[in-house]
Amino acid sequence: MAAAVSIVDVVKHFGSLQALAGVSLEIGEGEFFGLLGPNGAGKTTLISSLAGLIRADSGSLKVLGHDVIKDFRQARRLLGVVPQELVFDPFFNVRETLQIQSGYFGIRKNDDWIDEILENLDLTSKADVNMRRLSGGMKRRVLVAQALVHKPPVIVLDEPTAGVDVELRQGLWQFVRRLNGEGHTIILTTHYLEEAEALCGRIALMKQGRVIALDTTANLMAAHPGGTLEDVFVRTMNQ
Amino acid sequence: MIGFWTLFYKELLRFWKVAFQTVGAPVLTALLYLMIFGHVLDEHVQVHGVRYTTFLVPGLVMMQVLQNAFANSSSSLIQAKITGSIVFVLLPPIPYSAFFAAYVLAAVARGLMVGVGVLVATVWFTELKVVAPLWILAFALLGGAMFGALGMLAGIWSEKFDQLAAFQNFLIMPLTMLSGVFYSIYTLPAFWQRVSHYNPVFYMIDGFRYGFFGASDVVPEISLGVVFACFAVVTLLTLNLLKRGWKLRA
């Protein structure tokens with residue numbers, strides 16, 4: 001299996017705080033991969049380093065073989081990131097937001113795909129509504145849509161269901177599963193462990209900037225018979 | 001190139017959607033300056049052989065070109081940084097040079113739009129003639145670009161709105177207000193004349209005004225050289241910061 005994402009010995013400090021302490025990971029093409037850990041474990045720092053939003057102090061990060069620093073254009077083209085924070089540009093409506101985001105990735109006429117994303121995320125009726133007028137859940141859907149406008153083969157979802165109602169969660173996961181089924185690699189961070197348990201084929205558990213467990217979901221669960229992923233998580237973190 | 005054009009278009013759309021505030025308001029401000037200063041001084045003062053209001057208009061136009069070019073790039077960047085929406089332009093594969101060019105060109109576009117608006121609103125009060133249109137265009141474009149780039153620098157450096165306001169109030173405003181918009185520097189005492197020659201905005205205003213009167217305090221070739229040198233310095237500095245991702249990429 002080729003590596004969709006290759007992370008080798010990545011270290012990152014913020015002043016005296018060591019956010020990543022030599023993280024190495026390899027995620028195969030087509031995987032549905034879970035990156036779990038408590039707040040401050042380094043998940044978002046790792047994702048931000050992969051997306052080029054943060055520059056690692058040392059180590060290397062590659063997306064489908066393209067280094068995120070030396071070959072940043074290709075690496076960024078192959079990656080779609082749903083940020084954790086609920087951010088939006090208040091000047092534009094939903095369709096404009098997606099058209100502009102397509103243009104940033106070098107795609108001029110993208111309306112067919114934009115319509116499909118809008119439909120799948122139940123945003124069609126909101127296409128001409130200004131971003132400021134959307135509810136939190138709707139804004140979250142637009143963030144997901146923005147990450148998908150350039151059809152990236154690798155999709156990173158950083159807590160995409162935080163503060164989102166059950167209906168959207170189900171719709172979102174149905175759509176993401178479909179994308180995964182079509183060959184997209186999905187990397188998910190979430191605090192909803194039942195979602196990770198149901199969706200992810202493989203999981204890395206992070207604590208204090210390190211990967212402390214990495215295995216298939218089935219193997220992780222098998223090590224703690226009869227328990228849920230939450231039990232596995234709690235026991236691993238307390239070891 | 002599509003990334004660059006999209007970012008440029010987005011920046012245009014951003015100020016155009018609030019044109020009442022970004023274009024209309026500065027035109028009104030310039031008109032008020034003209035009405036107040038013109039009313040008080042028009043009967044008593046002549047500069048370069050023309051009435052005071054006629055002398056004042058080109059300065060007001062250029063001042064608004066510069067201030068609005070600065071406001072456009074700086075406010076766009078600080079808003080995007082504070083709201084977090086900057087990630088939408090940091091995640092795509094847009095080269096830092098295209099990022100710079102898109103913001104600066106949009107800043108120039110807003111500056112020119114406001115400048116034309118001020119000219120149209122104020123020209124009725126004067127007997128203004130265009131003597132050298134190419135000089136007017138050259139100073140408006142290069143001055144707007146210099147302030148657009150300076151706005152980027154301020155937007156990158158600032159982490160809060162009050163830091164940007166300080167940049168605007170303690171650097172941009174004094175530089176523009178003390179640049180000879182409202183007077184010829186040769187009416188100043190010798191010491192302040194010398195000080196004025198260290199203000200790059202003085203050369204922008206003076207060169208721009210040359211295009212209307214065919215007369216200026218400094219020959220326009222020298223003024224254009226000074227403005228170009230300032231633009232080059234600010235551009236190199238800003239490009240360097242963008243390349244390093246300073247205060248944009250942690």
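**Close-up views of a two-chain predicted model**

For the complex, the predictor reports an ipTM of 0.90 and a pTM of 0.91. This is a predicted model, in which local features need pLDDT of at least 70 and side-chain atom pairs count only at pLDDT 80 or more, while totals for chains, interfaces and linings use all residues. Residues are numbered from 1 along each chain as its sequence is written, with chains lettered from A and ligands numbered from 1 in the order in which they are written.

**View 1. Chain A as a whole, with 9 helices and 10 strands.** Helices (H or I, at least four residues) and strands (E, at least two) are DSSP runs, numbered from the N terminus. The radius of gyration of chain A, taken over C-alpha atoms, is 18 Å. The globule rule (2.2 Å times the number of residues to the power 0.38) gives close to that value, 18 Å, for 239 residues, so chain A is as compact as a globular protein of that length. Along the principal axes, the C-alpha atoms of chain A fill a box of roughly 50 × 45 × 35 Å. Buried residues (20 or more other C-beta atoms within 10 Å of their own, with C-beta atoms placed from the backbone) make up 46% of the 239 residues in chain A. Contacts here are residue pairs whose C-beta atoms, placed from the backbone, lie within 7 Å. Of the contacts in chain A with a separation of 6 or more, 68% come from residues 24 or more positions apart.

**View 2. The open, antiparallel sheet of chain A.** Its 4 strands follow the order β2-β1-β4-β5. At the edges stand β2 (17-28) and β5 (66-67) of chain A, each with a single partner strand, so one side of each has no neighbour in the sheet. Strands count as paired if DSSP finds at least two bridges between them; β1 (residues 3-14) of chain A and β2(A) pair in the antiparallel sense over 9 bridges. Look for H13(A), whose bridge partner in β2(A) is Q18(A).

**View 3. Strand β7 of chain A and its parallel partners.** In β7 (residues 154-158) of chain A, 5 of the 5 residues are buried. Both faces of β7(A) are covered, with V154(A), V156(A) and D158(A) on one side and I155(A) and L157(A) on the other. Strand β6 (residues 79-82) of chain A pairs with β7(A) in the parallel sense over 4 bridges, and G80(A) stands opposite I155(A). Strand β8 (residues 185-189) of chain A also pairs with β7(A) in the parallel sense, over 5 bridges, and here L157(A) stands opposite L188(A) in β8(A). To get from β7(A) to β8(A), the chain passes through helix α6 (residues 166-181) of chain A in a right-handed β-α-β crossover (with the strands pointing away from the viewer, the path from the first strand over the helix to the second runs clockwise).

**View 4. Chain B, with 10 helices and 2 strands.** From the N terminus on, its elements run α-α-β-β-α-α-α-α-α-α-α-α. The radius of gyration of chain B is 18 Å, which agrees with the value near 18 Å for a compact globule of 250 residues. The C-alpha trace of chain B spans about 60 × 35 × 35 Å along its principal axes. Of the 250 residues of chain B, 48% are buried. Among contacts in chain B between residues at least 6 apart in sequence, 82% join residues at least 24 apart.

Note on methods
A residue is buried if 20 or more other C-beta atoms lie within 10 Å of its own, exposed if 12 or fewer, and partly exposed in between; C-beta atoms are placed from the backbone. Two residues are in contact if their C-beta atoms, placed from the backbone, lie within 7 Å.
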